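Please set out the fold of this chain and then its local details. Take the overall layout first, then the sheet, single residues and the pocket.

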Amino acid sequence: MRPITTDYGRLTPEKQKILLYLLDHQTINRGTASPLIKAKSSKTSEILAQLVDEDKLIIRQGKGPGTYYKLKQNNN
């Protein structure tokens, strides 16, 4: 995995806010992320999915309303 610092500058401001939040709080869910990035739930879901699937910087845990996200570690 590339370090977050390598990727940080190329990320959108919304993605940067989510990563900064995760550095301080360990986990985030869609309900917390939406007001943080001032986006609707559907847009927030899209951004979180991009961080998981395209950027490969966070991982998804759980399903449905209990889904949360955390920073990806080197061994994940």
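Along the sequence, the elements of the chain come in the pattern α-α-β-α-α-β-β. That gives four helices and three strands. Helices here are DSSP runs of H or I with at least four residues, strands are runs of E with at least two, and both are numbered from the N terminus.

The model is predicted: local features need pLDDT of at least 70, side-chain atom pairs count only at pLDDT 80 or more, and totals for chains, interfaces and linings use all residues. Residues are numbered from 1 along each chain as its sequence is written, and side-chain values use heavy atoms, with hydrogens and water left out.

**Overall values**

The chain has 76 residues, and 33% of them count as buried. Buried means under 20% relative accessible area, exposed means over 50%, and partly exposed lies in between (1.4 Å probe, protein chains only). The accessible surface of the chain is about 4,900 Å². Carbon and sulfur atoms hold 50% of that surface. Areas come from the Shrake-Rupley method with a 1.4 Å probe; for residues, only the protein chains shown count as cover. Contact means heavy atoms within 4.5 Å. Among contacts between residues at least 6 apart in sequence, 39% join residues at least 24 apart.

**The sheet**

The three strands form an open sheet in the order β1-β3-β2, with antiparallel pairing. β1 (27-28) and β2 (58-61) are the edge strands, and each pairs on one side only. Two strands pair if DSSP finds at least two bridges between them. Strands of a sheet pair through backbone hydrogen bonds, either parallel or antiparallel.

β1 is joined to β3 (residues 68-71) by two bridges, and these strands run antiparallel. I28 has Y69 of β3 as its bridge partner. On the other pairing, four bridges join β2 to β3, again antiparallel. Here R60 stands opposite Y69, and Q61 stands opposite Y68. The hairpin of β2 and β3 has six residues between the strands. G62 of this hairpin takes a positive phi near 85°.

**Residues with positive phi**

Two residues other than glycine also have positive phi. Q26 has a phi of about 75°. Q26 lies in the loop between α2 and β1. K56 has a phi near 55°. K56 sits in the loop between α4 and β2. Q26 counts as exposed because its relative accessibility is 56%. K56 has a relative accessible area of 45%, so K56 is partly exposed.

Which residues does K15 touch, leaving aside its neighbours within four places in sequence? The contacts are I47, Q50, L51 and D55. K15 is found in helix α2 (residues 13-25). K15 counts as buried because its relative accessibility is 7%.

I37 lies in helix α3. I37 is also buried, with a relative accessible area of 6%. Beyond its neighbours within four places in sequence, I37 is in contact with E14, K17, I18, T44 and I47. I37 and Q16 are 21 residues apart along the chain, and their C-alpha atoms are separated by 9.4 Å.

| Residue | Relative accessible area | Class |
|---|---|---|
| K15 | 7% | buried |
| I37 | 6% | buried |
| Q26 | 56% | exposed |
| K56 | 45% | partly exposed |

**The largest pocket**

The largest pocket has a volume of about 160 Å³. A pocket is found on a 1 Å grid over the protein atoms alone, as an open set of points where a 1.4 Å probe fits, with protein on both sides within 12 Å along at least five of seven lines. Lining residues have an atom within 4 Å of a point. Grid points are joined across faces, edges and corners, and the volume is the space filled by probe spheres set on the points.

The lining consists of N29, R30, G31, S45, L48, A49, R60, G64, P65, T67 and Y69. α3 (30-37) and α4 (41-53) each supply at least two of the lining residues. α4 gives the most, with three residues. By class, the lining divides into four nonpolar, five polar and two charged residues. Ala, Val, Leu, Ile, Met, Phe, Trp, Tyr, Cys and Pro count as nonpolar, Asp, Glu, Lys and Arg as charged, and the others, Gly among them, as polar. R60 and Y69 belong to this lining, and they also stand opposite each other in the sheet.
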